[in-house]
Amino acid sequence: MSQLITVSGLNHFFGAKQALKEVSFEIQAGQPVALVGPNGAGKTTLFSILCGYLQASSGHVEILGHQAGSAALFGQLAALPQDAVLDPRFSIAHQLTFYGRLQGLSAKQSKDEALRTLELVGLSEALNEKPAALSHGMRKRVSIAQTLIGSPKIVMLDEATAGLDPLHAREIRQLVADLSQDITFILSSHDLTELERLCQQVLYLELGQMHQHQTLASDATQGFLTLSMSQKQPELITHLEAMAEVSSVTMPQDREYLISLAPNVLCHEADIKILQVCHQNQWRYRSLVNGKTLENQLFE
Ligand SMILES: Nc1ncnc2c1ncn2[C@@H]1O[C@H](COP(=O)(O)OP(=O)(O)OP(=O)(O)O)[C@@H](O)[C@H]1O
């Protein structure tokens, strides 16, 4: 794997307000990366610095071997801001071709890129439509197509699924997963559950500080199962802790149980037995997944 982004000792001030404090991390090519954190944590500030829209007060940022904002990164890094909108007056073809031209492509190349990127997001048929003829989710996919023009290596999506219904949000997640072979996506979101399904690397910002930089699906998640129930079951913990395969059970969230397995017990050896216990007691469960949820990893 090759290094895409290296950030070290990054600080940013807006007047007296320090939005980023000594932020350091690295991103390798490959899996999508999640940037999460509460409101005001500094996510947009960090995005803006990586994109070169904002110059950091101090610290070092290297992207594909260049400084953030360097002309050498033109076409290599693309970003979709949270509030990006399509122009209602022009067709999708017109707008995508325009972005190709802005990147220095010829009229023919720009048209080809518009077609290619629309095809990548599964919207070839929208080429001659105006934005108003498309659903919210389709417009989001067009905006993502726009970021793919010129085949960038890194694409940053700020709140890519905000405001979308679950079906459209799933389409966007699937799209990112499908394209991740060739492009490294950096996704910012408040929705931990969404990023958990997509990303192995998680950058967690809080009050301008990078608290976590960890890889999901690591050894830390082995030896755990997360059981979500339809209703709270007061006796569930006692029943499960009585099983030889289970070492302890906690309830980090309402109706969600984190099951720590006994040493050397594998998830697939315990999961059926746990579901049998639910069945015998007529407890309705919603899901049983291997490992800890992202939320439990970040906030335990
Ligand atoms: N232009 C600005 N002038 C002054 N302060 C700013 C400016 N932009 C951001 N800030 C402050 O910097 C901090 C980080 O803001 P930022 O927008 O980066 O957070 P965020 O994590 O993106 O938040 P959200 O999830 O709400 O979008 C906040 O305290 C914010 O008030």
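Modeller: The chain is assigned two domains, domain 1 (3–215) and domain 2 (219–299). Those bounds come from an automatic or database domain assignment. This is a predicted model: local features need pLDDT of at least 70, side-chain atom pairs count only at pLDDT 80 or more, and totals for chains, interfaces and linings use all residues. Residues are numbered from 1 along each chain as its sequence is written.

Start with the ligand. Around it stand Phe14, Lys17, Ala19, Gly37, Asn39, Gly40, Ala41, Gly42, Lys43, Thr44 and Thr45. Two elements give two or more residues each: β2 (17–28) and α1 (43–51). The largest share, three residues, is from α1. Helices (H or I, at least four residues) and strands (E, at least two) are DSSP runs, numbered from the N terminus. By class, the shell holds three nonpolar, six polar and two charged residues. Here Ala, Val, Leu, Ile, Met, Phe, Trp, Tyr, Cys and Pro count as nonpolar; Asp, Glu, Lys and Arg are charged; the others, Gly among them, are polar.

Now take strand β3, residues 33–36. Val33 and Leu35 lie on one side, Ala34 and Val36 on the other, and all are buried. Buried means that 20 or more other C-beta atoms lie within 10 Å of a residue's own; exposed means 12 or fewer, and partly exposed is in between, with C-beta atoms placed from the backbone. In a regular strand the side chains alternate between the two faces of the sheet.

β3 has partners. Strand β8 (residues 184–189) runs parallel to β3, with four bridges between them. There Leu35 faces Ser188. Strand β9 (residues 201–206) is also parallel to β3, over four bridges. There Val36 stands opposite Tyr204. Two strands count as paired if DSSP finds at least two bridges between them.

Helix α4 (residues 136–148) comes next. Ten of its 13 residues are buried, so the rest of the structure largely encloses α4. Met138, Arg139 and Lys140 are among them. In the loop between α3 (107–120) and α4 sits Leu127. Leu127 counts as partly exposed because it has 17 C-beta neighbours inside 10 Å.

Go further out. Leu127 and Tyr257 are 130 residues apart in sequence and 47 Å apart in space, C-alpha to C-alpha. The C-alpha centres of domain 1 and domain 2 lie 35 Å apart.

One more sheet deserves a look. This open sheet has four strands in the order β12-β13-β11-β14, paired antiparallel. β12 (246–253) and β14 (285–290) are the edge strands, each pairing on one side only. From one strand to the next the twist averages 20°. Five bridges join β12 to β13 (residues 256–261). Gln253 stands opposite Glu256 in β13.

Last, the whole chain. It has nine helices and 14 strands. Its C-alpha trace spans about 70 × 45 × 35 Å along the principal axes. Of its 300 residues, 34% are buried.

How values were computed
Near = placed C-beta within 6 Å. Axes fitted to C-alpha atoms, helices over the stretch in contact; angles between N-to-C directions. Expected span 1.5 Å × (residues − 1).
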